[in-house]
Amino acid sequence: MTPAIRIAGVTKRFRSLQALAGIDLEVSQGEFFGLLGPNGAGKTTLISSLAGLSRPDSGTLEVMGHDVVRDYRAARLALGVVPQELVFDPFFSVREILRLQSGYFGLKHNDDWIDEILDNLDLTPKANANMRMLSGGMKRRVLVAQALVHRPPVIVLDEPTAGVDVELRQGLWQFIRKLNQDGHTIVLTTHYLEEAETLCGRIAMLKTGRIVALDTTANLLKRFSSHALRVTLAARVALPPMLAAKVTKEEGEVLEFGFERFDEVADILAGLKSAGGSIADMALGTPDMEQVFVGIMNQN
Amino acid sequence: MEGFKTLLYKECLRFWKVGFQTVLSPVLNAVLYLLIFGHVLKDHVEPYPGVSYTAFLVPGLVMMTVLQNAFANSSSSLIQSKITGNIVFVLLPPISYREFYSAYVIASVLRGAACGLGVLLVSLPFVSFRIAEPAWIVAFTLLGGAFLGSLGVIAGIWAEKFDQLAAFQNFLIMPLTMLSGVFYSIHSLPAFWQGVSHFNPFFFMIDGFRYGFFGVADVSPWTSIAVVSACFAVLAVVTLKMLERGYKLRG
């Protein structure tokens, strides 16, 4: 099957800054894909190149098999982009904006679909309000609606939940999940790592214009993060070497042990008891994307 | 094609929604010029035999309004979209650079023509004349409007802040239109300045446009149309090349 996105050897330099230093990436149709990285890693430049907003110095990008330069019309028809910046046109109402955006994509009578999007994004009561009258969260929803007017098979969301309240965030993800279940490919960039962990099946991590990790979310969690047992001792004790080797973090009386299997917990507790340690408090931690992210960024 | 039509519609709707600023204000400005200059000079100057100064002034003011507003339309729309960031909404869809160019330039011509028509209609109570050759009026409105609309696209894309656009408008467009024979026949100028005027394409736009009203002008309308067409062709090629390369739009 044609990949939803194929990126091969893409480089881009802005004066002295190498924004993209040779990106190769394929995203399959129907995936929920995460693109993570610190600020300045090249995520937005990569998305801009895919959307035709920026021209790479070398390499090729395809959306649903269509080259974004040579076959730009088909590529852009297949792509919906929610930009990172909260931009809007102050001259028009929400419905006017969505009708215009439909027209730009060659769609004349699109009101049924526009109504459906408005309904799904809880924008129906604001359909005839001027864009200037909307709150930041509402404007963000209109940006999502604009990206969907032409029913693109591939949807790219560049930090769509930055500065958005919890309720809207949950509503937005519910809608995006539904689109993904309906077969749309979703590519997401976000700084909220727990969002990426929950939503994305596969994740690429970028640093200084390079992909430094690319795997399924489950594999990344397995490879770069482990379960943790966090124990607060009543007083410090000397640990036997077997137990000391499992300590991943140490802050005064608080010790953190890493483990793979849950039956190791009993061994750790037994080891502590035989070393004379008295446990004042205890908590179990699960692997999380933040650990993975920090681990990978520090490695590279 | 639908994308082009929608962009053209949006550009027209944009200026129409703020019609006080984009159409009525320029009309009022031009009428004030007409009242003041017409009143002061009507008994002193007769530019062409049988043509009063006020009658002479009207076509000049109409064309000046067409040109200035055609420039203002594309340039202000583009710089506003760039600065607010909403330019992405027309860069993301499958609209070609030629469609992009055509939509902005045609909308500019329409705004220029709407303003020019407004000036002409409001002037009618003050002057009476018959229109000698309307085809020239239409031709110069379209070509002059397209020339300035194109220049507006260049300025709107080049300028990174409103101050730069204001400089473009006030130090280039305004002097070239004011010194193009709107208020005088270049035959009233010393020989040197007559020669200089022939390097100003705006002079040919105004002069050719005026020929359409009176059937008489400072130079042949064929010369004017040739100069204006050549200037427009060069400018159109430059603008299209800029857009094709994505200059300052697709970095």
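These notebook entries record what I looked up in a predicted model, beginning with chain B and then turning to chain A.

**Entry 1: the make-up of chain B**

I counted the secondary structure elements of chain B and noted 10 helices and 0 strands. I then read the elements in sequence order and wrote down the pattern α-α-α-α-α-α-α-α-α-α.

**Entry 2: the overall form of chain B**

I looked up how far chain B extends. Its C-alpha trace spans about 55 × 35 × 35 Å along the principal axes. I next asked how the radius of gyration of chain B stands against that of a compact globule. A compact globule of 251 residues would have a radius of gyration near 18 Å, and chain B has 18 Å, so the two agree.

I also looked up burial, and 49% of the 251 residues of chain B count as buried. For contacts, I considered those in chain B between residues at least 6 apart in sequence; of these, 83% join residues at least 24 apart.

**Entry 3: the domains of chain A**

I turned to chain A and found it divided into domain 1, residues 5-222, and domain 2, residues 225-299. The C-alpha centres of these two domains of chain A are 40 Å apart. Where they meet, 12 residues of domain 1 of chain A are in contact with 9 residues of domain 2 of chain A.

Which elements supply the side of domain 1 of chain A that touches domain 2 of chain A? I listed α7 (193-199), β9 (202-207), β10 (210-216) and α8 (217-224) of chain A, each with at least two residues there. The largest share, 4 residues, comes from α7(A). By class, I recorded 9 nonpolar, no polar and 3 charged residues on this side of domain 1 of chain A.

**Entry 4: an open sheet in chain A**

I traced an open sheet of 4 strands in chain A, in the order β12-β13-β11-β14, with antiparallel pairing. Its edge strands are β12 (247-251) and β14 (279-285) of chain A, each of which pairs on one side only. From one strand to the next, the twist averages 15 degrees.

I then examined one pair in detail. Strand β11 of chain A, residues 227-233, is joined to β14(A) by 6 bridges, and the two run antiparallel. Opposite Ala283(A) in β14(A) I found Arg230(A).

**Entry 5: a helix across the sheet**

Last, I asked which strands helix α10 of chain A lies across. This helix, residues 263-274, lies across β11, β13 (254-259) and β14 of chain A. I noted that α10 of chain A runs at about 145 degrees to β13(A).

Note on methods. Residues numbered from 1 in each chain as written. Chains lettered and ligands numbered in written order. Predicted model: local features only at pLDDT ≥ 70, side-chain atom pairs only at ≥ 80, totals over all residues. Rg over C-alpha atoms; globule rule 2.2 N^0.38 Å. Buried ≥ 20, exposed ≤ 12 C-beta atoms within 10 Å, placed from the backbone. Contact = placed C-beta atoms within 7 Å. Domains from an automatic or database assignment. Nonpolar A, V, L, I, M, F, W, Y, C, P; charged D, E, K, R; others polar. Pairing = 2+ DSSP bridges. Axes fitted to C-alpha atoms, helices over the stretch in contact; angles between N-to-C directions.
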